[in-house]
Amino acid sequence: MAIFSSLARSGQFSARLGAILANPTLLQASKNALTTGTRSMSGGHGPKNFTITPSRFQWHKFKDMFHYYIMIGLIPVGAVVFYANVFVGPATLTETPEDYTPKHWEYHRHPITRFIARYILPHPQQEYEKMLHHIYEENEKAQIRALEKDVRAKMAERSDYQSYYYRPAIGKYHRVAKEAAEELEALRGD
């Protein structure tokens, strides 16, 4: 507000403001001049104006990239799907010979699914054996944990120590300290 009051003190601003507010056509022209910029391009020889508008570069770039990736991705995939459905078609059930074992991808009906099962996805038997190995490893870990729990329970029950974690020389001192503690307990009479 201090700025407007200092501008209002100068007669030039207040005179222009009063003229714009008094005349509605000047008010509309001032609004248009604020929202739309124009540039005279003819050098004063006619109304050839260049209207200044916001840039649409990002929109045009997005449209170009969208159409480019549609052409690169969607059209070839659509052509492959069309070819697989029209010219190859779904598989039909037939009798299998006695000595023939079907491959795992031959159980699928659609040719694209057969292609994916044959070349992209792993063999189901391989996945099954991987899961069995995972279950075996988890079972081994559970057995080791159970054994460790039993060892800790026995150590707590017998007031024993884990000498296999230490050098053999340290076990001797621990036994000496244990004997001294037992002697003190016997002297106290508890």
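How many salt bridges does the count come to? The count comes to two salt bridges, a salt bridge being a side-chain nitrogen of Lys or Arg within 4 Å of a carboxyl oxygen of Asp or Glu.

## Model and confidence

This is a predicted model, in which local features need pLDDT of at least 70 and side-chain atom pairs count only at pLDDT 80 or more, while totals for chains, interfaces and linings use all residues. Residues are numbered from 1 along each chain as its sequence is written, and side-chain values use heavy atoms, with hydrogens and water left out.

The mean pLDDT (the predictor's confidence in each residue, from 0 to 100) is 81 for the protein, and 69% of its residues reach 70 or more.

Lys130 forms a salt bridge with Glu127, with the closest N and O atoms 3.1 Å apart, and both residues lie in helix H6 (residues 124–158), three residues apart, about one turn of the helix. Glu138 pairs in a salt bridge with Lys141, where the closest N and O atoms are 3.6 Å apart; these two also lie in H6 at a spacing of three residues. An α-helix has 3.6 residues a turn, so residues three or four places apart point the same way.

The relative accessible area is 46% for Lys130, which is therefore partly exposed (buried means under 20%, exposed over 50%, and partly exposed in between, with a 1.4 Å probe and protein chains only). Glu127 is partly exposed at 34%, as are Glu138 at 34% and Lys141 at 40%.

## The buried face of helix H5

The buried residues of H5 are Pro111, Arg114 and Ala117. Seen down the axis of H5, these residues fall within an arc of 125° and so line one face of the helix, the arc being that of the directions from the helix axis to the C-beta atoms. The buried residues of H5 pack against H4, where contact means heavy atoms within 4.5 Å.

## A nonpolar surface patch

Phe82, Tyr83, Val86, Phe87 and Val88 form a nonpolar patch on the surface, with about 550 Å² of accessible area together, as given by the Shrake-Rupley method with a 1.4 Å probe. Such a patch joins nonpolar side chains within 5 Å, from residues with over 30% relative accessible area and no salt bridge. Val88 is found in helix H4 (residues 57–88) and is partly exposed, with a relative accessible area of 44%.

Notes
Patches are made of residues with over 30% relative accessible area and no salt bridge: like charges are joined within 9 Å, nonpolar side chains (Val, Leu, Ile, Met, Phe, Trp, Tyr) within 5 Å. Helices (H or I, at least four residues) and strands (E, at least two) are DSSP runs, numbered from the N terminus.
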